[in-house]
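Please read them beside the structure.

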Amino acid sequence: MTIKILDKETVAQIAAGEVVERPASVVKELVENALDADSTQVSVEVRGGGVSLIRVMDNGSGIPSSEVELAFQRHATSKISSTNDLQSIGSLGFRGEALPSIAAVARVEVVTCADGESAGTGIILEGGAVTCRQNQARARGTTVTVRDLFRRVPARLKFLKSVPTENSHIANVVSQYALAFPGVAFALSIDGKSTLKTSGRGKLMDSVIDVYGVEIAGRMLALDDSEDRWSGGPAGSIRVSGMVGSPELGRAGRGYLSFFINRRWVSSRLLAYAVEEAYHGLLMTGKHPVAILNISLPPQEIDVNIHPAKSEVKFRNESGVFRAVQRAVRQTLVAQMPVPKIEEVATAYAAPGVRRQELWTSPVDSGRSPPPEAPQTLLASLPVLRVVGQVLNSYIVAEGPDGLYLIDQHAAHERIRFEKVKQQRTQQQPEVQGLLEPATFEVTPRQNEILKSCLENLTEFGFSLEPFGDRTYLVRAVPGLLAGDSWPGMLRELLDVLSGEARSDWEEKIVVSIACHGAVRSGQALSDDEMRELVRQLEQTANPHTCPHGRPTVIHLSSTQLEKEFGRS
Ligand code: ADP
Ligand code: MG
């Protein structure tokens with residue numbers, strides 16, 4: 001093929017692809033524009049996962065009538081004017097790319113009224129070109145309406161996830177900005193239903209209650225932001241404020257880590273690592289903290305111009321920032337928690353982890369030949385086992401026809417429960433436990449989007465949940481296998497997990513989740529009867545050798561192996 005310059009429309013669509021990846025990116029750009037315009041109220045309305053409609057309405061400074069068309073030109077911005085300004089960006093936008101990018105892949109209507117203008121202006125753009133302009137009544141502020149997103153970009157449309165998944169991303173974007181700007185009243189409505197409303201009163205705690213609910217908010221610790229944490233760094237200062245969750249709030253994923261750098265919502269592996277380091281030894285293995293951190297530092301210390309979506313930043317002094325964040329969080333955790341509790345948690349969770357590792361590696365590291373059979377090559381079914389005892393409150397020691405068996409009690413119980421749940425589901429006979437009194441269950445906007453669409457799946461497993469207000473549900477029954485109070489935790493964790501999964505995998509994830517929660521934990525002492533019962537049930541499972549996550553449930557040391565290890569053969 002000969003080399004040729006691409007036509008304008010193709011160029012525009014390529015450029016748009018970098019800024020507008022999915023409906024939530026449009027919401028993010030429009031909300032950022034509203035915030036840059038000093039709005040105190042921002043409302044977002046979406047339909048059809050954001051593909052049919054996205055509307056962002058603000059009460060900010062508006063766009064002067066004579067500049068409305070200009071705002072849709074590529075690289076047109078009112079926020080910077082020279083390369084010098086790039087070194088000290090104080091606004092969220094600065095590349096002048098969002099509006100033209102959105103207009104290249106959707107139908108856009110803008111109605112705006114700037115400070116000091118008596119009438120508003122409305123324009124409509126199709127395929128990036130203005131097709132209509134008129135005077136239109138509007139109070140101060142701007143409304144941008146985006147319809148038929150990606151209709152002309154079938155390739156992009158095809159890659160979008162399900163409506164609930166796109167909705168959950170959108171809910172997350174609005175939730176994050178609500179946390180970053182407690183002084184702005186946000187409203188989000190999805191398919192006509194109000195999903196999030198913040199008061200805009202200016203207190204982070206209020207936003208946390210609105211976004212995460214009272215249960216999480218009640219366990220958040222405020223950071224002491226009075227200290228300048230730049231230790232030995234260049235001129236300037238770094239301040240870290242916000243809130244972190246007490247360690248018992250451990251979550252299944254990193255979805256509860258929010259970082260705002262000079263109020264810009266960013267994702268940062270460095271910052272996530274710094275926070276997790278601060279929680280070292282305080283969280284259960286596999287759990288992640290809740291944190292909402294505002295980091296403010298001189299604009300010259302960061303480069304936000306490394307990605308068109310501006311969702312990542314580069315720090316000039318990475319290690320300084322890392323230390324500052326880690327210390328700020330650690331100090332808060334240590335200062336606000338009773339000291340003995342920290343030690344308790346630390347030993348309870350750190351120690352078994354270490355020993356488990358040793359157990360695993362010892363046969364291989366013994367210096368002699370490697371064991372003849374790896375755990376995976378065991379026979380398909382388990383022989384009848386005689387329980388000998390329990391070690392580390394985590395493993396059951398048993399004797400079989402050919403040597404020694406070590407059983408991971410948690411993994412084994414998960415396997416047993418997994419097969420039970422699966423069987424009940426196949427037979428459509430879930431074991432149900434009615435609650436004595438219906439309980440209320442509150443979810444975040446993001447979780448709510450998933451919950452709305454998986455209610456039916458949950459019903460099939462024995463949950464009975466009814467909507468009860470915007471983001472609250474009334475729970476009347478739970479699966480019989482989730483007796484006790486393990487179900488709220490299980491349900492919350494499940495909703496977070498589902499938001500990242502294809503709908504076709506939801507059912508499997510629900511099974512795994514029910515199996516895991518309510519299973520016997522590692523570190524739990526078991527009586528001889530309980531161990532015998534567990535081993536007997538494991539023997540009867542169809543696939544006794546792995547837990548639903550694929551980890552082994554049993555390690556077998558054959559008599560030949562034992563003889564070898566002891567130098568008897
Ligand atoms: P950027 O935000 O990088 O400047 P955009 O394409 O997002 O680029 O917006 C272009 C310009 O349009 C902005 O610089 C701003 O002047 C104006 N603008 C966009 N949205 C709004 C809004 N909601 N309120 C006021 N002005 C706006
Ligand atoms: Mg912008």
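Is K509 buried, partly exposed or exposed?

1. K509 is partly exposed, with a relative accessible area of 30%, where buried means under 20% relative accessible area, exposed over 50% and partly exposed in between, for a 1.4 Å probe and protein chains only. Its side chain meets that of E501 in a salt bridge at 4.0 Å, N to O, and E501 is likewise partly exposed, at 22%. A salt bridge here is a side-chain nitrogen of Lys or Arg within 4 Å of a carboxyl oxygen of Asp or Glu.

2. This is a predicted model, in which local features need pLDDT of at least 70 and side-chain atom pairs count only at pLDDT 80 or more, whereas totals for chains, interfaces and linings use all residues. Residues are numbered from 1 along each chain as its sequence is written, chains are lettered from A and ligands numbered from 1 in the order in which they are written, and side-chain values use heavy atoms, with hydrogens and water left out.

3. The structure holds 29 salt bridges, among them the one between R532 and D529, whose closest N and O atoms are 2.8 Å apart. R532 is partly exposed at 44%, while D529 counts as exposed at 54% relative accessibility. Elsewhere, R107, E109, E126 and R147 are linked in a network of salt bridges.

4. The chain is divided into domain 1 (8-201), domain 2 (219-349) and domain 3 (386-556), with bounds from an automatic or database domain assignment. The centres of domain 1 and domain 3, taken over C-alpha atoms, are separated by 43 Å, and their contact (heavy atoms within 4.5 Å) takes 12 residues from domain 1 and 12 residues from domain 3.

5. Domain 1 and domain 3 bury about 1100 Å² between them, 53% of it on carbon and sulfur atoms; buried area is the accessible area (1.4 Å probe) that two parts lose on being put together, summed over both. P164, S168 and T195 supply 40% of the area that domain 1 buries against domain 3, more than any other three residues. The count of salt bridges between these two domains is 0.
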